[in-house]
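Hi! Here is the structure I promised to pass on.

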Amino acid sequence: MQGKDHCDGKELICINVDKVYDWIVKENSFDFALPTGPIAFTPTGSVPTSATAGLLTGATVTCEVSPAIAFPIEILSRENRPFCIDGKTVLLQQLHIRKNFVVTIVVTLTNGTVLRSAAIPLTRCEQVTLCAPEGTDVVITYTDLDCFVCSPGTLTVPAGTAAGSIVITGLNLSVATCQSIQSTFPVTVEFLADYCEPRDDLPTACPPPLRPQQCSVVFPDTGHCCH
């Protein structure tokens, strides 16, 4: 759609954008006890996993977490709830969200060999209140997602365990999330906008001589300067 006058360099345009109905930033953390059983590991060092039984004593256990590739979040239910905000009754939605993650267990043996487990699915549910009426999309972006081992448990390779597998007993993980949660809906908006113009090309010049950055806050010590 075009305006009547193009002499001022402006045009009346329509664009498709996502309108943000509501937006919150929320922290959440939870613990996860890994079920006891054999876990398949892939070595990244030179020692085959079949020879790791004698190297488990003193091994360190860490973990990594990321959102699941397929269905990272699922909206289980969406219930209307009235709230009194600033003296007015507002109808918001209470969302029950299932969040799906994958966890990787990393075992570093005493000889430096690193073993990485296959992806382990992990699911947690959360309740969030937003302005998110039926038809809106809910998008969760993790600004920070971290996993650490709370209790490493014990690592063994019992007789009969498949090659490349380690049995972990009593492993407890803690997952911390910082998440941006938005409810959105695609809309078409109209506004008057300026035409964009290209910027000037940056001149190419030789860089100035480099010198190390000084720590002027701590040196020289102004309290001991000579006068």
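Strand β8 and strand β11 (residues 172-194) run antiparallel and are joined by 13 bridges; strands here are DSSP runs of E, at least two residues long, numbered from the N terminus, and two strands pair if DSSP finds at least two bridges between them. Along that pairing, Val139 stands opposite Gln182 in β11. Both strands belong to an open sheet of 3 strands, in the order β1-β11-β8, with antiparallel pairing. Its edge strands, β1 (10-33) and β8 (137-151), each pair on one side only.

Keep in mind that this is a predicted model: local features need pLDDT of at least 70, side-chain atom pairs count only at pLDDT 80 or more, and totals for chains, interfaces and linings use all residues. Residues are numbered from 1 along each chain as its sequence is written, and side-chain values use heavy atoms, leaving out hydrogens and water.

Now for the aromatics! The whole structure has 2 aromatic pairs (rings of Phe, Tyr or Trp, taking the six-membered ring of Trp, with centres within 6.5 Å; planes under 30 degrees apart are stacked, over 60 edge-to-face, the rest tilted). Phe30 and Phe101 have ring centres 5.9 Å apart and planes at 40°, so this pair is tilted. Phe101 is buried, at 1% relative accessible area (buried means under 20%, exposed over 50%, partly exposed in between, with a 1.4 Å probe and protein chains only). Phe101 also forms a tilted pair with Tyr142, 5.7 Å centre to centre with 55° between the planes. Together, Phe30, Phe101 and Tyr142 make one aromatic cluster.

Cheers!

Note on methods
Helix = DSSP H or I, 4+ residues; strand = E, 2+ residues; numbered from the N terminus.
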